[in-house]
Amino acid sequence: MLFRSDRVALASVGDSRIYRMRDGSLELLTQDDTWLATVLGIKEAEEAHPEHPLRHVLTSVVGTKDDVKPGAREEALQPGDRFVMCTDGVHGKLDLTTLTRLLASTTSAQDGATTIVDEAITRGTTDNATALVINGATVTGTFQPGRRLFKIESLGNGRHRVIEIDPEQEPKE
């Protein structure tokens, strides 16, 4: 994701996803590069049996060939937009309704990411469960690189969460 003024550019490869929450509604902005999504379409792939043998077979991955072409798009930003980037260990256990409820129950990016990952773990995810929440992307004003800092925190067993660090506050141990 690249934010600039009142626009965001998105690019994705594989089965990690980017969602946008706008006016209380969560929308999937990317498409999974999986065999099932390619053959059936994203909606039908979501509704397919969770144990389908080709559910997680990737059709495009970074590092497997030189000419990977990511799915890309550009979107207008609006005040209050929130974004969630997450791995299949999250979206494989949490449907759109649950993700919407969890994100709406938090205001900070850190609390949103933590709540989402914790719920995926509670529901028994066995895959990498990682979530990044971005709040209040700049819609007007000057782009200032380096103003937003993030750290990746390991939760063990291949699970991580990304936490926004406020540079104005003292680091917490």
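A residue counts as buried when its relative accessible area is under 20%, as exposed when over 50%, and as partly exposed in between (1.4 Å probe, protein chains only). A129 has 0% relative accessibility, so this residue counts as buried. It turns up in the loop between α5 and β7; helices (H or I, at least four residues) and strands (E, at least two) are DSSP runs, numbered from the N terminus. Along the sequence A129 and T87 are 42 residues apart, yet C-alpha to C-alpha they sit 5.9 Å apart in space.

The model is a predicted one, in which local features need pLDDT of at least 70, side-chain atom pairs count only at pLDDT 80 or more, and totals for chains, interfaces and linings use all residues. Residues are numbered from 1 along each chain as its sequence is written, and side-chain values use heavy atoms, with hydrogens and water left out.

Now for the sheet. It is open, with 4 strands in the order β4-β3-β6-β7 and antiparallel pairing (two strands pair if DSSP finds at least two bridges between them). β4 (25-28) and β7 (131-135) are the edge strands, each with a single partner, so one side of each has no neighbour in the sheet. On average, neighbouring strands are turned by 20° against each other, direction ignored; axes here are lines fitted to C-alpha atoms, for helices over the stretch in contact, and angles run from 0 to 180 degrees between N-to-C directions. β6 (residues 82-86) and β7 share 5 bridges, and M85 has L132 of β7 as its bridge partner.

In α4, the buried residues include T98, L99 and L103, and their cover includes α3 (88-91) and α5. Helix α5 (residues 109-122), for its part, lies across β6 and β7, running at about 150° to β7.

What about the greasy inside? A nonpolar core is a set of buried Ala, Val, Leu, Ile, Met, Phe, Trp, Tyr and Cys residues joined through side-chain atoms within 4.5 Å. The largest one has 18 residues, and V84, L99, I116 and V133 are among those with the most contacts inside it. Its largest share, 5 residues, comes from α5. A second, separate core of 9 residues includes I18, L77, L132 and I134.

How values were computed. Contact means heavy atoms within 4.5 Å.
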